[in-house]
Structure formats: C-alpha cells, structure tokens
Amino acid sequence: MINLSTKVIIFNSPIYIEKKYIKEDYLPPIGQGYIATYLKENNIDVELIDCIYEHLGIKEILEIIEEKKPTHVGMNIFTANEHIVRSIIEKCNYKVDFIIGGQVVKFMYNEILNFTTKNDMHIIIGEGEYIINAIVNNKADDEIFLKKENKKVYWINKNSIYFPIDISYVNLDRNFFKGRDIKNLYGDVESAIITSRGCLYNCAFCGGASSLNRDIYSREKNKESIIQDIKDIIKRDSEVQSIRILDDLFLRNRENMIKAIQIFNKFNFLSWRAMAHINSFNRCSDLFLNLKRSGCKELFIGIESGSPRIRKSINKIGEIYEIKKVIYKLLEVGINVKGYFIYGFPEEDIHDLEKTYDLAKYLKEISINLKGNFRTSVFQFRPYHGTELYNRILEKHRKIPECTLNINLDKFDGRIQFNYQSGNYSKCAQEELEQYITETLKLNNGE
C-alpha cells in the first residue's frame, strides 16, 4: 500500500535558467530511474520529472513544487548547473526536504553546505538508491558523515550498508521515462541500458577517475540480468530496434566482448551500440567480425587528443598507432566508430590542436574505403569539480568561472546541450579553439 503521507519528486535538474524549446535528443536519466524504482518498490509515492527533456527552467520547477506539494524533492547537481540548482533551492518558499546527489557532490559538498535555505537538505556522496529510501523514511541518521545546521551529508562508500553491492539486482521501471525511446542516427528506435558502475581508468579530466573513487569499486551486471533488461525493453515496446549501452565497462576486455556477443546473439533482430576504451581492443581483433555479426553497429571511443604530449598530461592510455590500428580493424569489418575529441586542454598549443585534427581527418579518410563509417563528436574542454585538471587550474588561476553557453558553436544541429564552456586554459586563442572544433565537426559532412 502506498504511503500517502510521503510524496517524492525527483528532478533531473535543468541546464538552462529559463524555459527553452530546443529540439534535441536527450538520454533518459537512468540513474534517477533506479532511485525512483526502489522508492516505488517500497510503497513511496514518487514522480520523476526530466527538466531537460521537458524544457523546464527555474520558474517552472518552483511552480511544480508549490502545486504538487511534495514532502521531499530530489535533484542532481553537476559543475555546469551548480548555480541553477542553488537558485532553485534558495528561491523555494515551500516547506520541503531537499535531497541532492550526483557524481560531483563528492568534490563540492562544502559549497552545497553554504546554500542558503530554511529547508532541510540531505546531501549524498555516492549511489543513492538505498540511502534515499532510508532518508524518506527517517531511518538514515546512523550514516551521517557531516552535519551543518539544517544540512546533512551522507557518504555512501563500499563500507556503507546502503552501498549497492550487486547491481544485477537493482531494478529499473522504465515507465518513469514515459516512452523515451529515440530514433538514433541510423533511424532505429533505440533504448538505453547501463550494465556497470565505476571506471578502471584515471583520466585527469573525469570525475569518475579511479584515483578519485577509491572508496568504491567497479561492478558489472551479470549476463542473465542484462538479457532480462533487454527482454523487458522489448516487452514494453516491440518497436525497439537498437540497444545503446551507456557505460564504459561493457566491452572492458576479451571476456566481456565474448559475453556481449553471447548476449546479443540471442536477439538477432536488434542492433546495438556501446561505449568502449581503445585499450580494451588490443589483442582482440579476432573477435571484431563476431561483434559485427552479433549486431554491433557502432562503438563510441574517447580519443580526446591526437597529441602524445597532451594525452600524457591527461592520463589517457593508448598510443596514436594503437588508435589508428584498432579503429581501422573495426571499420574494416563494418563496425562504425564515433570518436570523441576535446580541444582546449591546459597548456595545449596550436601544434597540439593540429595533431588532434590530423588524427580525426586521417580516421575519417580511411573510413571512406572501408565498410564502416567514422564520425566525430567534439567539445571544448571544461574543468569538472574535483578532477586532477580542475585542481591544477584552481591552483594556478584561483578561480574557475561558471559554465556559460557558447553561441558561436550553435551552427551544428543537436549540439546546444554540449556547447558549454567555463574558461580557456590552453595556450591558444578562443577563436582558434572554435575554429578547430568547427573544422573537426565538418569532417562528418565530408568537408
């Protein structure tokens, strides 16, 4: 029976201050879906509202809180929208308990503790499914890490009773996403899944870097659980044609690639796309054809930079020759590759930019005569709280400005959500960075 005395609204927090009608595809907030599902399973009245997908700004969110009168409001926070989440909390006049979470909270909880509000705040470091249910039911006091006035911080690490040890048994009710399947680049109706948590790598620009998260460990869903996820998706929507795997560990090594082939061989009517690390594919090229035959249509690979000097400075594993060799062999068997590139790393100079562009151009050119296609996704570097590069920049510059939208890059459709910046820390002018970003994106059009 639903507990009618408690009402929880979980907001996937906005990236725009005011309501904007932007026709772009957004992935559903699967992490918050896990939280909402566990609350629902424990008879809590819960609603999940995706502010980005619904084009909501601060004003609309405050109106929803006033109208629906929840007892608890959960929100995620990240570097780019800290000022927006703070404004929502500080402007809210309705009596409600706020629950704040997200990857970045581990590195900015002291800043969140300084938000000015009369409402109680629960600040969560780590994964939230189990602890949020405990908070809503007033049973989490034994896990308080830090307390300041009406604000409590909870640290959910591998020693916590609220740490999800086996994620194979964490359920997801996709009804919270209201039919959010999208049509991907290839025209296939696509649904997204997560098969692991944590990361093996230590990239200096990433909040998920292994050196920053020694209080937890990486976990993977077992094969049976992933198969059941896919079955549930198909049962809910028989029109789904493609599955997108959003985490980095699905293809982490040879064993996992074999597992992926075995899983998708059971669904020969589906194609699939996945994130992957270049290092995972070394000495596995004999599996590429079977990956293709299992339905693998595209792999997303974080290349970031074509400059060995910059790659070393950002702790990016993989040599340039390995990138070229692996991607050539993937394209050769007909697996498409999307390469992610970042311009504007600290101390990056014009020669580094040129090396990155040359690598992207080379990969695009070789794909012309191979079965698979290579395309690019390009960003300007921005520092994220707590990362190695963030701390280096903060030590040197003392202050990092808020993220702002770079309208100079809005000429490419579907990219507004990615065009944020918070300073230029390279040795190049902003105009040079934008030129290289533009030229690398143009490779997708054969320019």
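This is a friendly dialogue about reading features in a predicted model.

Visitor: How many bridges join β9 to β12, and do they run parallel or antiparallel?

Guide: Strand β9 (residues 189–193) and strand β12 (residues 242–245) run parallel and are joined by four bridges.

Visitor: How do α10 and α11 cross?

Guide: For two helices, check the distance between their axes and then the angle. The axes of α10 and helix α11 (residues 350–367) come within 10 Å and cross at roughly 25°. Angles under 35 degrees count as roughly parallel, which means α10 is roughly parallel to α11. The crossing is right-handed.

Visitor: Which residues make the contact?

Guide: On α10 they are I320, I323, K324, I327, Y328 and L331, and on α11 they are L359, Y362, L363, I366 and S367.

Visitor: Which residues of helix α3 are buried?

Guide: In α3 (residues 82–91), the buried residues are E82, I84, V85, S87, I88 and I89. The elements that cover them include α2 (58–68), β3 (72–76), β4 (97–101), α4 (105–112) and β5 (121–126).

Visitor: How many residues of β4 are buried?

Guide: Five of its five residues are buried. With a strand, look at each face in turn: D97, I99 and G101 lie on one side, F98 and I100 on the other, and both faces are covered. Strand β4 also runs parallel to β3, with five bridges joining them. One of the pairs is H72 with D97 in β4.

Visitor: What do β6 and β7 form?

Guide: They form a hairpin with two residues between the strands. Strand β6 (residues 144–148) and strand β7 (residues 151–156) run antiparallel, joined by four bridges. K147 has K152 as its bridge partner in β7. In the turn, E149 has a positive phi of about 55°.

Visitor: How many disulfides does a search of the whole structure find?

Guide: The search finds zero. To check a cysteine yourself, look for the nearest other cysteine sulfur. For C92, that is the sulfur of C51, 13 Å away. C92 itself is buried, at 9% relative accessibility. C296 is in no disulfide either, with the sulfur of C284 nearest at 13 Å, and C296 is buried at 1% relative accessibility.

Visitor: Where does D45 lie, and what does it touch?

Guide: D45 lies in strand β2 (residues 44–50) and is partly exposed, with a relative accessible area of 29%. Leaving aside residues up to four places away in sequence, D45 touches I2, N3, T6, K7 and V8. Sequence and space can be compared too: D45 and I9 are 36 residues apart in sequence, and their C-alpha atoms are 8.6 Å apart.

Key
Residues are numbered from 1 along each chain as its sequence is written. This is a predicted model: local features need pLDDT of at least 70, side-chain atom pairs count only at pLDDT 80 or more; totals for chains, interfaces and linings use all residues. Side-chain values use heavy atoms; hydrogens and water are left out. A disulfide is a pair of cysteine sulfur atoms within 2.5 Å. Buried means under 20% relative accessible area, exposed over 50%, partly exposed in between (1.4 Å probe, protein chains only). Two strands pair if DSSP finds at least two bridges between them. Axes are lines fitted to C-alpha atoms, for helices over the stretch in contact, and angles run from 0 to 180 degrees between N-to-C directions. Angles under 35 degrees count as roughly parallel, over 145 as roughly antiparallel, 65 to 115 as roughly perpendicular and the rest as oblique. A crossing is left-handed if the near helix is turned anticlockwise from the far one by less than a right angle, and right-handed if clockwise. Contact means heavy atoms within 4.5 Å.
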